[in-house]
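Please read them with the coordinates open.

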Amino acid sequence: MHFANQPLIGSETGTLIVLKHPYPWQVEEPSIYESVRVHTAMQTGRTESDLVPNAPSLGTKEGYLIKQGKIVKSWKTRWFTLHRYELKYFKDQTATEPIRALDLTECSAVQFDYSQERVNCFCLVFPLRTYYLCAKTGIEADEWIKILRWKLSQIRKQLEEHSATLSS
């Protein structure tokens, strides 16, 4: 009901977003991902400190990362998108078809990686391959690692709940 009257949210950059549809209240979200501020202060006359300072954002992320090739081991910049439990990468941001879609339910670990001769690297460990990725900054690498680890924890939680249901 609140967003029907005050449908504005915004990021730290000050970009405002008007919600066209009600925000789903039954959605799992990481508490660690990107702080967002509710920008109703403009209309209500309240100050920002009266409002929720760190509302969590949806558990999605996208951006450019540098990825090591499987065979040649050369590094190429790719556009990555993370939605639900799928991490896709594309040739660039304009490409419509992904080069590959990685199913995070098959990923066993996400961790910082110091084995490459590059900075801000991390890796995703899958049964048949480990993917090596590098971000432009340490903060960006940290954001990717945090949200990917959160996704893996959600997957494990669901698997535990599922196996508990089967055993009862």
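Which residues does Thr81 touch, not counting residues up to four places away in sequence? The points below start there; keep in mind that this is a predicted model.

1. Thr81. The residues touched by Thr81 are Lys61, Glu62, Glu86, Leu87, Lys88 and Phe90, with residues up to four places away in sequence not counted. Thr81 itself is part of strand E5. The C-alpha atoms of Thr81 and Lys61 are 6.0 Å apart, although 20 residues separate the two in sequence. Thr81 has a relative accessible area of 9% and is therefore buried.

2. The core. The largest nonpolar core consists of 22 residues. Leu87, Leu104, Val110, Phe122, Leu124, Trp144 and Leu148 have the most contacts inside it. Two or more residues each come from strands E5 (75–83), E6 (86–90), E9 (121–125) and E10 (130–134), and from helix H3 (138–167). The biggest contribution, 7 residues, is that of H3.

3. Leu124. This is one of the core residues with the most contacts. With neighbours within four places in sequence left aside, Leu124 is in contact with Leu87, Leu104 and Leu148, among others.

4. The disulfide. How many disulfides does a search of the whole structure find? The search gives 1. The bond joins Cys121 to Cys134, with an S to S distance of 1.9 Å. Cys121 sits in strand E9 and Cys134 in strand E10, 13 residues apart, and the pair links distant parts of the chain. The torsion about the S-S bond is about 60°, so this disulfide is right-handed. Cys121 and Cys134 are both buried.

5. The other two cysteines to check. Cys107 is in no disulfide. Cys107 has 8% relative accessibility and so counts as buried. Cys123 also counts as buried, because its relative accessibility is 3%.

6. Helix H3, length. Does the span of H3 agree or disagree with its residue count? H3 has 30 residues, which at 1.5 Å a residue should span 44 Å; the end C-alpha atoms are 43 Å apart, so the two agree.

7. Helix H3, buried side. The buried residues of H3 are Ala141, Trp144, Ile145, Ile147, Leu148, Trp150, Lys151, Leu152, Gln154 and Ile155. An α-helix has 3.6 residues a turn, so residues three or four places apart point the same way. The buried residues of H3 pack against strands E4 (61–68), E5, E6, E8 (109–112) and E9.

8. Lys151. Is Lys151 buried or exposed? This lysine lies in helix H3, and with a relative accessible area of 4% Lys151 is buried. Its side chain reaches the backbone oxygen of Arg84 at 2.9 Å. Apart from neighbours within four places in sequence, Lys151 is in contact with Gly59, Leu82, Arg84, Tyr85 and Leu104. Of these, Leu104 is also listed among the core residues with the most contacts.

Terms used: Residues are numbered from 1 along each chain as its sequence is written. This is a predicted model: local features need pLDDT of at least 70, side-chain atom pairs count only at pLDDT 80 or more; totals for chains, interfaces and linings use all residues. Side-chain values use heavy atoms; hydrogens and water are left out. A nonpolar core is a set of buried Ala, Val, Leu, Ile, Met, Phe, Trp, Tyr and Cys residues joined through side-chain atoms within 4.5 Å. Buried means under 20% relative accessible area, exposed over 50%, partly exposed in between (1.4 Å probe, protein chains only). Helices (H or I, at least four residues) and strands (E, at least two) are DSSP runs, numbered from the N terminus. Contact means heavy atoms within 4.5 Å. A disulfide is a pair of cysteine sulfur atoms within 2.5 Å. A polar contact is a pair of N or O atoms within 3.5 Å; within protein, one must be able to donate a hydrogen and the other to accept it, and residues adjacent in sequence count only if both atoms are side-chain atoms. The expected span of a helix is 1.5 Å times one less than its number of residues.
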